[in-house]
Amino acid sequence: MDGKIKRIAFLGLFMALLVIATSVFRFPVPTFNLYFNLGEAVIYLVALLYGGPAGAVIGGVGSALSDVLGGYPVWAPITFAIKGAEGFVVGMLSKRYKPYFAVSAGAVLMMAGYAAAAGLLYGSGAVPLELAGDFVQTSMGGIIAIMLYKRLKKILV
């Protein structure tokens, strides 16, 4: 199979997987209009495998689409920007640094972005809940992505 066709096919599959991981494996946070999900693993994996631009597109578009489909449309533009930037940063940093550092930098960016957005939308009381959920989400996503990356990089790239 031609390399470009294979890449496009896998990116399409990863986009669908991200929507599923974000929509199906979603755990709402009581009181605020927030939720925890497993989509971070897909964003990090795509960024590590295919680089910053692919991480940005899959992270931004797939996650924003999940917000719209999941009943959180107010978050879609925020998610598009934050998750797109997160995927881009992870992918770009992974070219020069170890995956752990790239994922950690993306996680900090994501947590800061969503904490600021939650604070603006719901008030300062939402920030600690958002940070706690995002810490768990990025940690779990990072662990899953790095474990899969080590196994899939020779097969998919």
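Biologist: How many of the residues in the chain are buried, as a percentage?

Modeller: Buried residues make up 45% of the 157 in the chain. Buried means under 20% relative accessible area, exposed means over 50%, and partly exposed lies in between, with a 1.4 Å probe and protein chains only. Before we go on: this is a predicted model, where local features need pLDDT of at least 70, side-chain atom pairs count only at pLDDT 80 or more, and totals for chains, interfaces and linings use all residues. Residues are numbered from 1 along each chain as its sequence is written, and side-chain values use heavy atoms, with hydrogens and water left out.

Biologist: What makes up the secondary structure of the chain?

Modeller: Six helices and two strands, in the order α-β-β-α-α-α-α-α from the N terminus. Helices are DSSP runs of H or I with at least four residues, strands are runs of E with at least two, and numbering starts at the N terminus.

Biologist: Why is the chain called as compact as a globular protein of that length?

Modeller: The globule rule is 2.2 Å times the number of residues to the power 0.38, and the radius of gyration is taken over C-alpha atoms. For 157 residues the rule gives 15 Å, and the chain has a radius of gyration of 15 Å, close to that value, so it is as compact as a globular protein of that length.

Biologist: Why is Thr 138 called buried?

Modeller: Its relative accessibility is 5%, so Thr 138 counts as buried. Thr 138 is found in helix α6, residues 126–156. Leaving out residues up to four places away in sequence, it touches Glu 40, Tyr 44, Glu 86, Ala 107, Met 110 and Met 111. Contact here means heavy atoms within 4.5 Å.

Biologist: And why does Lys 95 count as exposed?

Modeller: Lys 95 has a relative accessible area of 61%, so it is exposed. Its place is in the loop between α4 (76–93) and α5. Lys 95 and Gly 119 are 24 residues apart in sequence, and 33 Å apart in space, C-alpha to C-alpha.

Biologist: Which residues touch the most other members of the largest nonpolar core?

Modeller: Phe 14, Val 46, Leu 49, Tyr 50 and Val 90, out of 24 residues in that core. The elements giving two or more residues to this core are α1 (3–23), α2 (39–50), α3 (52–69), α5 (99–122) and α6, and α2 gives the most, with nine residues. A nonpolar core is a set of buried Ala, Val, Leu, Ile, Met, Phe, Trp, Tyr and Cys residues joined through side-chain atoms within 4.5 Å. Val 46 has contacts beyond four places away in sequence, including Leu 11, Phe 14 and Ile 58.

Biologist: What about Val 19: buried or exposed?

Modeller: Buried, because its relative accessibility is 15%. Val 19 is found in helix α1. The C-alpha atoms of Val 19 and Ser 66 are separated by 5.3 Å, though the two are 47 residues apart along the chain. Besides Ser 66, the residues that Val 19 touches include Gly 62, Leu 65 and Leu 69.

Biologist: How much of the contact count comes from residues 24 or more positions apart?

Modeller: Such pairs account for 71% of the contacts in the chain with a separation of 6 or more.
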